[in-house]
Amino acid sequence: VINVGESFDGEDDLVYTVQWKDTGEYLDSDNYEVSVTASKIYRTQAEITVASHSFTENYEEGKVYKDNALDVTDLPEGHYFEGKATTSIKGDPNAVTTVPNEFDVNDVKIYNSEGEDVTANFKITPVFGTITVIPVQ
């Protein structure tokens with residue numbers, strides 16, 4: 001066997017497609033009598049880390065401090081993601097202000113090279129950076 005695919009038939013039954021190595025033909029070919037023994041298949045989600053940026057800036061009157069960019073580690077080749085950090089602060093002219101640069105992990109979406117949403121295949125570990133604003137001395 002060189003290829004085993006799986007999908008759901010819409011009624012929560014797992015459907016298998018099996019390709020034979022020697023002939024390249026599929027299991028549903030007329031050349032074979034097929035019998036299936038039920039078994040359990042367990043799928044483990046691939047683990048990735050999504051991190052927001054950290055930065056420190058000096059306070060400026062009226063400025064809003066934010067960095068929406070996220071970085072992802074261990075994303076498979078050909079995959080891409082969408083998501084952004086959502087924290088923004090104005091800072092305090094009299095005291096150091098430090099807050100986590102947060103994002104909602106449920107808003108992060110992972111897509112394969114065909115553009116299909118495959119987020120459910122991944123366990124996402126969030127890492128929040130920090131935004132620090134330092135008052136003018």
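1. Salt bridge first: the term here means a side-chain nitrogen of Lys or Arg within 4 Å of a carboxyl oxygen of Asp or Glu. By that test the structure holds one, and it joins the side chains of E57 and K63 at 2.6 Å, N to O. E57 is partly exposed at 28% relative accessible area, and K63 is partly exposed too, at 26% (partly exposed lies between buried, under 20%, and exposed, over 50%, with a 1.4 Å probe and protein chains only).

2. A word on provenance: this is a predicted model, where local features need pLDDT of at least 70, side-chain atom pairs count only at pLDDT 80 or more, and totals for chains, interfaces and linings use all residues. Residues are numbered from 1 along each chain as its sequence is written, and side-chain values use heavy atoms, with hydrogens and water left out.

3. Now T119. You'll find T119 in the loop between β8 (109–111) and β9 (122–127) (strands are DSSP E runs of at least two residues, numbered from the N terminus). With 15% relative accessibility, T119 counts as buried.

4. The T119 side chain has a polar contact with the side chain of D117 at 2.6 Å (N or O atoms within 3.5 Å, one able to donate a hydrogen and the other to accept it; residues adjacent in sequence count only if both atoms are side-chain atoms). A polar atom of the T119 side chain also lies 2.8 Å from the backbone nitrogen of I110.

5. On to the sheet: three strands form an open, mixed sheet in the order β5-β3-β9. β3 (residues 46–52) and β5 pair antiparallel over four bridges (pairing takes at least two DSSP bridges), with S52 opposite L70 in β5.
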